[in-house]
Amino acid sequence: MTKVLENLKATATTLIIGALMIIALPASSHAQYSFNDLYPDFFKIPDQGRLTVTGFGGGYVSDKYATTQEGFQLEQSITRYVGVFGRLTGYELWEGGGFDNPLNPGTGHQARLNFGRGQGGFDLNIWPGTHFFISAGRDFGDSHSVVVEGDGSSWLMLHSLHPINFSFSSVHDYQNGVTSTEVDIQAILKSTEKYLLMAGGGGAFYMGGFIHGTDGQGGPDLSFYWRPLQIGGSIQAGYGSAHQYGQLTFYKELDINEPAPRTAP
Amino acid sequence: MRARSDGRDGMRLKLFWPLLAVLFYFALTTAAMAQAPMAGSISSASGAVQIQRASGLIAATSGTPVNIGDRIITGAGGHAVITLTDGSQLEVGESSNMTIDNHVLAPAGGRAETKVSLFGGVLRSVVSATGGTPNFEVHTPNAVAAVRGTRWDTAYTEGESRPTYGDCHKFSDVVVYEGVVTLRNNNAPNGIDVPAGYEATVPCDVQSTLPGPIGMTGARGLGTAASAVGSNPSPVVGGVPPPACPVCPPMPATTPPPLPAPPPST
């Protein structure tokens with residue numbers, strides 16, 4: 001019972017801190033606006049909806065373990081400020097020799113673990129350029145955990161030559177009790193008709209469950225976004241609890257504007 | 001002698017009427033050209049595209065001349081490309097309404113001045129790089145975009161709401177792909193330079209916003225939805241963190257798991 005409470009406390013703390021950061025940062029620059037200024041047509045459902053399909057993949061390698069992941073996400077807009085999404089991800093996890101199963105400690109070492117994660121939730125566009133995703137789901141395969149996740153992304157100083165993005169992603173695993181949080185801050189170095197180039201730094205920290213205190217890692221990263229194909233990617237390297245690590249992520253977005261309803265002639 | 005004179009008179013009489021007809025034709029066409037000099041022609045048109053001029057409304061097809069003063073109107077799904085006489089191109093998006101107010105070539109064939117007004121919709125301008133420094137302006141009801149570059153979109157929308165703009169419901173957007181465009185409000189003496197890769201907006205009667213990267217500030221360009229709050233790229237989506245447990249607890253290799261306690265003896 002105590003463990004469950006600790007897990008819940010850790011999850012709530014992580015999500016609240018992330019949400020507060022996402023809200024507080026842009027709020028400081030929008031303090032002079034009223035609700036109607038910030039959210040015109042808040043309850044209006046637009047005639048033309050949008051379906052966004054995002055495919056993604058990536059990998060992480062360190063001295064102690066490595067993962068790859070791949071999946072896709074479907075998001076349907078409801079209003080200008082709210083969308084609903086579903087995400088399906090496949091994970092492959094390679095453990096270092098002599099280590100226990102991190103998904104379910106106490107069940108012994110396995111060279112490779114494969115599991116999938118299905119989750120769904122809401123995308124809230126709480127400020128212009130700021131999105132907050134909340135979702136919940138369940139693992140299948142070698143993991144059977146229930147997970148809750150909170151993700152956020154906020155573009156600051158959008159009307160400048162070098163806007164800054166702050167993003168975080170926090171997921172709590174109810175099987176091993178660990179809350180994993182990734183944070184990142186990047187600035188746009190160059191914007192052209194074709195591409196965006198960004199650089200910054202980020203990392204991840206882990207707490208709760210079998211982790212005593214907090215573990216983590218961090219390092220500089222470099223990102224790009226190719227506008228014509230809506231393809232983005234990021235590469236990061238650094239050092240942390242798992243010693244040297246490298247991380248690569250990429251994604252492809254596809255926006256489908258749904259046809260507006262025909263009006264009677 | 002008299003017979004020769006009669007022959008000459010007859011010849012003159014025969015030449016008189018064709019000559020008069022030719023002169024009349026030239027006079028008419030010159031007068032017409034003086035009223036509405038040709039600015040260019042339609043290179044391609046699809047969907048509902050019409051040209052409104054003094055003589056009435058005509059359907060625009062490929063090759064249709066476009067004169068100074070003509071109003072080009074596209075309906076839903078309509079799209080047209082106008083090639084001006086200096087090689088510059090105007091690409092008119094759907095549901096747009098624009099006029100070519102002025103287009104004067106310099107004597108050497110270069111561009112002296114081009115002025116276009118956009119009353120609604122989206123217009124992409126691809127300005128010919130030949131002919132010296134461009135003097136090319138797109139006017140909207142609340143803004144002027146003056147080009148020192150070669151390719152950019154201008155959009156004007158009325159009646160829509162955008163976050164953080166309060167009660168303002170009319171916006172002029174500029175999206176620059178090549179070169180630099182100076183954007184200013186109609187009443188402002190100086191503008192703001194928008195470089196390639198960036199976009200800016202003139203909301204109502206206030207000065208232009210500072211430029212922000214293309215697709216991220218909510219500005220509208222050719223092919224982008226109006227009032228979309230830009231957020232691309234979205235690092236979170238797809239940037240899934242690795243699974244938990246960077247450091248897994250080592251297996252107790254030498255310590256066997258504790259045996260279950262024996263049942264209590266009765």
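Predicted model: local features only at pLDDT ≥ 70, side-chain atom pairs only at ≥ 80, totals over all residues.
**Entry 1. A bridge pair in chain A**

I began in β5(A), where Phe140(A) is the bridge partner of Gly116(A). I then looked up the two strands involved. Strand β4 (residues 112-127) of chain A and strand β5 (residues 130-141) of chain A are joined by 11 bridges. They run antiparallel.

The predictor gives the complex an ipTM of 0.76 and a pTM of 0.72.

**Entry 2. Chain A as a whole**

In chain A, 12 strands close into a barrel, with antiparallel pairing. The order is β1-β2-β3-β4-β5-β6-β7-β8-β9-β10-β11-β12. From one strand to the next, the twist averages 20 degrees.

Next I checked the content of the chain. Chain A has two helices and 12 strands. Along the sequence I read the pattern α-α-β-β-β-β-β-β-β-β-β-β-β-β. Chain A has 265 residues, and 41% of them count as buried. I also looked at contact range. Taking contacts in chain A between residues at least 6 apart in sequence, I find that 51% join residues at least 24 apart.

I picked Glu253(A), which sits in strand β12 (residues 243-257) of chain A. Is Glu253(A) buried or exposed? I count 21 other C-beta atoms within 10 Å, so Glu253(A) is buried; the cut-off is 20 or more.

What does Glu253(A) touch, leaving out residues up to four places away in sequence? The contacts are Thr52(A), Thr54(A) and Gln230(A). I also took a distance to Leu74(A). Glu253(A) and Leu74(A) are 179 residues apart in sequence, yet 9.9 Å apart in space, C-alpha to C-alpha.

I followed the contact to Gln230(A). Gln230(A) is in the loop between β10 (211-226) and β11 (231-240) of chain A. Its phi is near 50 degrees, a positive value in a residue other than glycine. Gln230(A) counts as partly exposed because it has 17 C-beta neighbours inside 10 Å.

**Entry 3. Chain B, overview and confidence**

I moved to chain B, which has one helix and 17 strands. Of its 266 residues, 40% count as buried. Among contacts in chain B with a separation of 6 or more, 47% are between residues 24 or more positions apart.

I checked confidence before reading details. The average pLDDT of chain B is 77, and 64% of the residues score at least 70. Where in chain B is confidence lowest? It is lowest in helix α1 (residues 2-35) of chain B, with a mean of 58. It is highest in strand β5 (residues 71-74) of chain B, at 94.

I marked two stretches of chain B. Over residues 226-231, pLDDT stays under 50, and the model has 22 contacts beyond four places in sequence for them. Over residues 243-259, pLDDT also stays under 50, with 39 such contacts in the model.

I then read strand β6 (residues 79-84) of chain B face by face. Ala80(B), Ile82(B) and Leu84(B) form the covered face. His79(B), Val81(B) and Thr83(B) form the uncovered one.

On one pairing, strand β1 (residues 38-46) of chain B is joined to β6(B) by six bridges and runs antiparallel to it. Here Ala45(B) stands opposite Ala80(B). On another, strand β7 (residues 89-92) of chain B pairs with β6(B) over four bridges, again antiparallel. Thr83(B) stands opposite Gln89(B) in this pairing.

β6(B) and β7(B) make a hairpin with four residues between them. In the turn, Gly87(B) has a positive phi of about 95 degrees. Past β7, I stopped at Ser95(B), in the loop between β7 and β8 (97-105) of chain B. Phi of Ser95(B) is positive too, near 50 degrees, and this residue is not glycine. With 17 C-beta neighbours inside 10 Å, Ser95(B) counts as partly exposed.

**Entry 4. Nonpolar cores**

Ala80(B) came up again in the largest nonpolar core, which has 42 residues. Which of them touch the most other members? They are Ala80(B), Ala145(B), Val174(B), Val176(B), Val181(B) and Leu183(B). Another core lies apart from it, with eight residues, including Tyr60(A), Tyr65(A), Leu93(A) and Leu103(A).

I closed with Leu183(B). Beyond four places in sequence, its contacts include Ala143(B), Ala145(B), Val174(B), Gly191(B) and Ile192(B). Val194(B), Ala200(B), Val202(B) and Ser208(B) are in contact with Leu183(B) as well.

Methods: Residues numbered from 1 in each chain as written. Chains lettered and ligands numbered in written order. pLDDT = per-residue confidence, 0-100. Contact = placed C-beta atoms within 7 Å. Buried ≥ 20, exposed ≤ 12 C-beta atoms within 10 Å, placed from the backbone. Pairing = 2+ DSSP bridges. Core = buried A, V, L, I, M, F, W, Y, C linked by C-beta atoms within 7 Å. Axes fitted to C-alpha atoms, helices over the stretch in contact; angles between N-to-C directions.
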